[in-house]
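Hi,

Here is the structure I promised to pass on. Please open it first, then read my notes below.

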Amino acid sequence: MDVAQFVITSALTLSVPIIFVALGGMWSLTVGELNIGLEGQMLIGAFISVTVAYATGSTLVGVVSGGIAGIVSGLLFGVLVVYLKGDPFIVGITTNILFSALTVMLLGLLFRVKGSFSDPSLKSIARFPVGPIADVPIIGRILGDQSVMFGVMILAVAASWYVLRFTTLGLRLRIAGEKPEALLTAGIRVPRMRLVVQLVTGLLCGLGGAELAMGSLTLFSTDMTAGRGFVAIGIVIIVGSRPVILAVSTLGYGILASIGLDLQQTGFPPQIPQMLPYLAAIVAMVLIAVRRTRRNRQVTLDTRLATP
């Protein structure tokens, strides 16, 4: 496998779990309550998927269980924030800490191990069916190395794009985030809508965790999400409610992370390659902040000039 093929294959593998989580964050941002607990919800999805797959001997059941665990975590976040009026930031951080500690405790109680758990009986998620594309040079090999969740991710991105852009539901969700009083006037229950969106966010995070633990690996380790949920939050803040651009941006993160992995094999100090994707995210956020500041100043200037 040449360097370019390795980078692209690794980038897709690294990006798919984060795209799931970022999509979840995008939905929560759309209704005006960005879920800061994406990291914890991804982590509990990873743990439950491995645990159930080990107990039942079925990878599919494990992945579905990871999604259900994400839904439950989304329900917890939604009830605390939407109905009990908790601060989303505080609830999100608390959720991350809760699930981090909970998975460590359950790892010891259920498997009598510390740090990580794996077993030969665990099977990874089935590979993506490429069909006749398998004979296409490079592309067939790259896609064939991905799990079925790659296809699920593509469907999730396409569905999100269609719903937000072309449906009445998507319009209502955007209004719920920008002008919720308009929906209340029309008799639409905004709190219930926001709660359902948090359930969808949890589902996507749980699937992202399942892909992380069962896609190419077949193990769970303590805090194995390693900041991926926060990377997803950063991407959502930068991109906003644009699912296609979100997926492309996350793939860019994956490419930088993959280049970092390749550089580590050439003798580079590991800390430098590991910094690349996060440094790129910081630079992007700074540039966006500068652009917004300039735009706001221009609007203010235009307003003053228009005032007699």
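Start with Thr 51. Thr 51 sits in helix H2. (Helices are DSSP runs of H or I with at least four residues, strands are runs of E with at least two, and both are numbered from the N terminus.) Thr 51 counts as buried because its relative accessibility is 16%. (Buried means under 20% relative accessible area, exposed means over 50%, and partly exposed lies in between, with a 1.4 Å probe and protein chains only.) Leaving aside neighbours within four places in sequence, Thr 51 is in contact with Leu 110 and Phe 111. (Contact means heavy atoms within 4.5 Å.)

Some ground rules. This is a predicted model, where local features need pLDDT of at least 70, side-chain atom pairs count only at pLDDT 80 or more, and totals for chains, interfaces and linings use all residues. Residues are numbered from 1 along each chain as its sequence is written, and side-chain values use heavy atoms, with hydrogens and water left out.

**Helix H4**

Phe 111 leads on to H4, as it is one of the buried residues of that helix. H4 covers residues 88-111. It has 24 residues and reaches 33 Å from first C-alpha to last, close to the expected 34 Å. (The expected span is 1.5 Å times one less than the number of residues.)

Which residues of H4 are buried? They are Val 91, Gly 92, Thr 95, Asn 96, Phe 99, Ser 100, Thr 103, Leu 107 and Phe 111. In an α-helix there are 3.6 residues a turn, so residues three or four places apart point the same way. What covers the buried residues of H4 includes helices H2 (38-56), H3 (59-83) and H10 (228-239), along with strands S1 (116-118) and S2 (219-221).

Now the two ends. Asp 87 caps the N-terminal end of H4, with a side-chain oxygen 2.9 Å from the backbone nitrogen of Phe 89. (A polar contact is a pair of N or O atoms within 3.5 Å; within protein, one must be able to donate a hydrogen and the other to accept it, and residues adjacent in sequence count only if both atoms are side-chain atoms.) Just after H4, Arg 112 takes a positive phi of about 55°.

H3 has 25 residues. Its first and last C-alpha atoms are 35 Å apart, close to the 36 Å expected. Ser 58 caps its N-terminal end: a side-chain oxygen lies 3.5 Å from the backbone nitrogen of Leu 60.

Lys 85 follows H3. It lies in the loop between H3 and H4. Lys 85 is exposed, at a relative accessible area of 66%. Ala 226 also has a positive phi, near 50°. Ala 226 is in the loop between S2 and H10. For background, most residues other than glycine have a negative phi.

**The core**

The largest nonpolar core has 61 residues. (Such a core is a set of buried Ala, Val, Leu, Ile, Met, Phe, Trp, Tyr and Cys residues joined through side-chain atoms within 4.5 Å.) Leu 23, Phe 220 and Leu 246 touch the most other members. Not counting residues up to four places away in sequence, Phe 220 touches Leu 43, Ala 46, Phe 47, Val 50, Thr 103, Leu 107, Gly 115, Ser 116 and Phe 117.

H6 (residues 148-166) has 19 residues and reaches 27 Å, close to the 27 Å expected. Its buried residues include Met 149, Phe 150, Ala 156 and Leu 164.

How do H7 and H9 meet, and at what angle do they cross? The axes of H7 (residues 168-178) and H9 (residues 190-214) come within 11 Å and cross at roughly 105°. (Axes are lines fitted to C-alpha atoms, for helices over the stretch in contact, and angles run from 0 to 180 degrees between N-to-C directions.) That makes H7 roughly perpendicular to H9. (Under 35 degrees counts as roughly parallel, over 145 as roughly antiparallel, 65 to 115 as roughly perpendicular and the rest as oblique.) Arg 172, Leu 173 and Ala 176 of H7 make the contact with Val 190, Met 193, Arg 194 and Val 197 of H9.

Best wishes
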